[in-house]
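Please walk me through how the features of a protein model can be read, one at a time.

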Amino acid sequence: MSQALREAIADTSFIVDWARYGKRSVLTELFEVVHVPESVLRELKLPPAVDWVAECLASGAFALFTETPEVEAEARRLMAASRGRPLRRIDYPEAVCLAAGLRFGYVVLTENSGAYFAPRVLGLGVTVWRAFEVIVEAWRRGLIGDLLGELRRYEEETLHLFRRRDWEYAWGLTRS
């Protein structure tokens, strides 16, 4: 099996969707640890997300991320910057993930389009992945076998639909 990536940090939108996915263990196989900011933890209210996060925190697969004054200040700067650009608004929990990703080199996990496009629009040096990129990377590393089937399964189980452009990219990968 391929070596796990080092660390990621996940926002609420990612966790809520990913918790409904039957192969959610792929995430903890892909990353050594996934950080969950305190502000994200406060937003999680219902199962299966609450139960899954509690299990992963207890097992050590997830770690609680405490927001330092430096990360908070950077998050607020990113929120303000997002409001002055043609970008969907970035709220505090997503901004914390971006700030932590910038500061510590974490892969940021989100389904928030503002956070996803922030590196390009705001010129940030941070890697941001949605479930789509996580599943593609898991496939590249041999953690899942059938990329297209797994993407379909994710859509069916989470009710989160991928963009046509994402599907075209996946089809291209499987035909090369």
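Predicted model: local features only at pLDDT ≥ 70, side-chain atom pairs only at ≥ 80, totals over all residues.

Q: What radius of gyration does the protein have?
A: The radius of gyration is taken over C-alpha atoms, and the globule rule is 2.2 Å times the number of residues to the power 0.38. For 176 residues a compact globule would come near 16 Å, and the protein has 16 Å, which agrees. Along the principal axes, the C-alpha atoms fill a box of roughly 45 × 40 × 30 Å.

Q: Is Leu 159 buried or exposed?
A: Buried means under 20% relative accessible area, exposed over 50%, and partly exposed in between (1.4 Å probe, protein chains only). Leu 159 has a relative accessible area of 73%, so it is exposed. Leu 159 lies in the loop between helix H9 (147-158) and helix H10 (164-175), and has a positive phi of about 60° although it is not a glycine. Of the 176 residues of the protein, 51% count as buried.

Q: Where is the cis peptide bond?
A: The cis peptide bond joins Pro 47 and Pro 48, with omega about 5°, and Pro 48 is in the loop between helix H3 (38-43) and helix H4 (49-59).

Q: What volume does the largest pocket have, and which residues line it?
A: On a 1 Å grid over the protein atoms alone, a pocket is an open set of points where a 1.4 Å probe fits, with protein on both sides within 12 Å along at least five of seven lines, and lining residues have an atom within 4 Å of a point. Grid points are joined across faces, edges and corners, and a volume is the space filled by probe spheres set on the points. The largest pocket has a volume of about 160 Å³, and its lining includes Glu 111, Ser 113, Arg 130 and Asp 166. Helix H7 (residues 113-122) gives the largest share of that lining, 3 residues.

Q: Where is Ser 113 found, and why is it called partly exposed?
A: Ser 113 is found in helix H7, and it is called partly exposed because its relative accessible area is 29%.

Conventions: Residues numbered from 1 in each chain as written. Heavy atoms only, no water. Helix = DSSP H or I, 4+ residues; strand = E, 2+ residues; numbered from the N terminus.
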